[in-house]
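Try each task before reading its solution.

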Amino acid sequence: MFKLALKSLLNRKTSVILTVVAIAVSVALLLAVERVKEQVQQNFANTVSGTDLIIGPRSSQTQLLLASIFHIGSMTNAMSWDSYENIAGRDEVDWAVPISLGDSVQGLPVVATTEGYVKHYRYADKQTLNVIQGRWFADNEQAVLGAEAAKTLGLAVGDQLTIAHGSGGLSFSEHDQHPIAVVGVLARTGTPVDQAVFVSLETIETVHGIEPGSAEHADNHQHEGHEHPAESITAALLGLKVKPLALRLQREINTYEKEPLTALMPGMTLQQLWKTLNVFEQTLNGMSAIVVFIGLIGMLTILLASLRERRREMAVLRAVGAGPLTLFSLLVTEAVLVTLFATFAGLALLYTLQWSLMDFIHSQTGILFSLNLPTPAEWWRMGLVVIAGFLLSLIPAWRAYRQSLSDGLTVKV
Amino acid sequence: MSAAIELDKVRFSWSSQVPIIDIDHWRVDCGDTLLLRGASGSGKSTLLSLLAGINKPQRGEICLLGSDITRLSARQRDKFRADHIGYIFQQFNLLPYLSAHENVLLGVHFSALRRQRLTQSATQTATDYLSRLGLSKQQQQQPAAVLSVGQQQRVAAARALIGAPEILIADEPTSALDTEHRDVFIKLLLELSQANNTTVVFVTHDATLAGHFNTHTELSQLNPLPQTASAGGSNV
Ligand SMILES: Nc1ncnc2c1ncn2[C@@H]1O[C@H](COP(=O)(O)OP(=O)(O)O)[C@@H](O)[C@H]1O
Ligand SMILES: [Mg+2]
């Protein structure tokens, strides 16, 4: 039966191959949507861990999260150093790392921060950042590069770079008068850290032409003899001594009186982000499901069309002893073979695409698509396609059954 | 001599109204070779589909090899056909996407019984049959569609006879052949059947073939119906 179905399909190579291609492409699409979602989610969730709160100027939580951790988009406002110090100095705060964004090196984001970043930033399963070459910056006019940034810029420890104001590509206002020395390169993390260039807050102030610590403030400094490294910052990462206090502190910061601020818990905000993206994902899913369905309808069409010309074939099979049910299962077998084959071809196509685009996507988005075995969700989708193919095949199979009953051996051609 | 085929008061009509088959009694002995002649549209193919168990008469008994197939379910009749009957059509006997050799193997594909009867492997038997019918080894491996009509009919004969079924039914198998090929074909067919002791029911509208067969029966005598449908009858 299997062999018969296979040979019969091979006999109709052209139309069968076209159908297989159509279904394979649609299956690849269906799987790609799932895979992209899965891996983006994985990558995003892996990007920040161990940070209890992120604070910044008043904005949407999503915007603050995307800007501070993923270096996507920008913050229109800034948060004053005073507010930062105030919050960082609270009892429940274990550590605080200020971040100032908005500049770039040949299109790569510059993250101005402190030594605290390399100490406290965690990604994936609470992994720390590793400086594999050189060391973390200790002084002004020094920079540390993410793994991918070092590769893109072609710089290593000992080289120099210049920072451009703004996040554009090759900026017009490069500050050539401030050459900055590369003193360290970080190990690859698979997070946006890889794309970033890290400098001290003071460095960025100098680049902007402001003398660090020169700004006058109404409030008195809390730490005497300690100058402000910056007048204002974009955001700050906080670690708390007692994690459950995050919710309360978040509420307090969101209602901070001296300045409109936003605080977010990374995990919660990511979840909200998924909810927003969910609609988008569902739409893509729906569309790829429709494409798969169209592919299967194509298969249905060639099977139905073939029935008329195969009436003789059916009569021959009946003459050698096949019952109508045998013909029914012959057609089902053909359809299931086509869908099975097409589904695996689709899977192969997906891996090929992923493999060839992996580096490109990583360098563009920082998202690393790992070549894993299909996940249960993906198997499930493939299973659904095959089941759909099977169900649709019942139509031509039923037709063949009826036809062979009424034709018997006396086919009129 | 026992009966290979015995019909008793068989009546069959396609769509209710006029019966196309109404046979009071008909018997074919085992090992007989019979030519059944009838005009186009007289119901020859219809009668054969009853014998093959594809269709069931509305009335009467059809005993093949001692069992009444009208009492069998459709499924059992399919099984019976696979086991005991070889069938040859007028033309288009083969699956075009299989080789001649594979088409012959189809003859035992649906019957374990016929496979058991083989004295050597099915592959070897098919090769032997086709060689005896004059197909070269190379032609045997070609797709059936590229063979000439005469060769296709011989492949059909090999398929119908492989595994030694007790009954061979041939529905105008030579009407697409020219005279010369026709006589050679019938000779080969009868030779192979006799070797297997197969009963042959050979249907045709051509009375000149009668010389090849032991028995000659006219359908009009067997089935004395007012042939209302014959005028527009087709010749399938
Ligand atoms: N499958 C069928 N369904 C309905 N009517 C049929 C079918 N096969 C044959 N007939 C009718 O039965 C009559 C006899 O046909 P057939 O048995 O093929 O004659 P013959 O083989 O002697 O030429 C014709 O009128 C034909 O239209
Ligand atoms: Mg006929």
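**Exercise 1. A lysine in a loop**

Does Lys126(A) count as buried or exposed, and at what relative accessibility?

Solution. Keep in mind that this is a predicted model.
- Step 1: Find Lys126(A) in the loop that joins strand S5 (122-123) and strand S6 (127-128) of chain A.
- Step 2: Take its relative accessibility, 55%; because the cut-off for exposed is over 50%, Lys126(A) counts as exposed.
- Step 3: Look at the backbone too: Lys126(A) is not a glycine, yet its phi is positive, at about 60°.

**Exercise 2. The surroundings of a threonine**

Work out what surrounds Thr113(A) and what its side chain has as a polar neighbour.

Solution. 
- Step 1: Thr113(A) belongs to strand S4 (residues 108-113) of chain A.
- Step 2: Its relative accessible area is 1%, so Thr113(A) is buried.
- Step 3: Leaving aside neighbours within four places in sequence, its contacts include Val97(A), Ile99(A), Trp136(A), Phe137(A) and Phe198(A).
- Step 4: A polar atom of the Thr113(A) side chain lies 2.9 Å from the backbone oxygen of Pro98(A).

**Exercise 3. An enclosed helix**

Decide how far helix H4 (residues 81-88) of chain A is enclosed by the rest of the structure.

Solution. 
- Step 1: List the buried residues of H4(A): Trp81(A), Asp82(A), Ser83(A), Tyr84(A), Glu85(A) and Ile87(A).
- Step 2: That is 6 of the 8 residues of the helix, so H4 of chain A is largely enclosed by the rest of the structure.

**Exercise 4. Salt bridges within a chain**

What do the salt bridges Lys37(A) with Glu281(A), Glu252(A) with Arg248(A), and Glu166(B) with Arg117(B) connect?

Solution. A reminder before starting: side chains of opposite charge can pair when their charged atoms come close.
- Step 1: Lys37(A) and Glu281(A) meet at 3.8 Å, N to O. Lys37(A) is in helix H2 of chain A and Glu281(A) in helix H9 (residues 266-309) of chain A, so this pair ties together parts 244 residues apart in sequence. Lys37(A) is partly exposed at 26%, while Glu281(A) is buried at 12%.
- Step 2: Glu252(A) and Arg248(A) pair at 3.6 Å, N to O. Both are in helix H8 (residues 246-254) of chain A, 4 residues apart, which means that about one helical turn separates them.
- Step 3: Glu166(B) and Arg117(B) come to 3.0 Å, N to O. Glu166(B) lies in the loop between H7 and S7 of chain B and Arg117(B) in helix H4 (residues 112-117) of chain B, so the bridge ties together parts 49 residues apart in sequence.

**Exercise 5. Chain B against chain A**

Describe the interface of chain B and chain A by its extent, its pairs and its residue classes.

Solution. 
- Step 1: 25 residues of chain B are in contact with 24 residues of chain A.
- Step 2: The buried area is about 2,300 Å², with 67% from carbon and sulfur atoms. Phe89(B), Tyr97(B) and Phe110(B) supply 29% of what chain B buries there, more than any other three residues.
- Step 3: The interface has 2 salt bridges; one of them joins Arg318(A) and Asp78(B), with the closest N and O atoms 2.8 Å apart.
- Step 4: Helix H2 (74-84) and helix H3 (100-109) of chain B are the elements that give two or more residues to the chain B side. That side divides into 14 nonpolar, 6 polar and 5 charged residues.

How values were computed
Residues are numbered from 1 along each chain as its sequence is written. Chains are lettered from A and ligands numbered from 1 in the order in which they are written. This is a predicted model: local features need pLDDT of at least 70, side-chain atom pairs count only at pLDDT 80 or more; totals for chains, interfaces and linings use all residues. Side-chain values use heavy atoms; hydrogens and water are left out. Contact means heavy atoms within 4.5 Å. Buried area is the accessible area (1.4 Å probe) that two parts lose on being put together, summed over both. A salt bridge is a side-chain nitrogen of Lys or Arg within 4 Å of a carboxyl oxygen of Asp or Glu. Ala, Val, Leu, Ile, Met, Phe, Trp, Tyr, Cys and Pro count as nonpolar, Asp, Glu, Lys and Arg as charged, and the others, Gly among them, as polar. Buried means under 20% relative accessible area, exposed over 50%, partly exposed in between (1.4 Å probe, protein chains only). A polar contact is a pair of N or O atoms within 3.5 Å; within protein, one must be able to donate a hydrogen and the other to accept it, and residues adjacent in sequence count only if both atoms are side-chain atoms.
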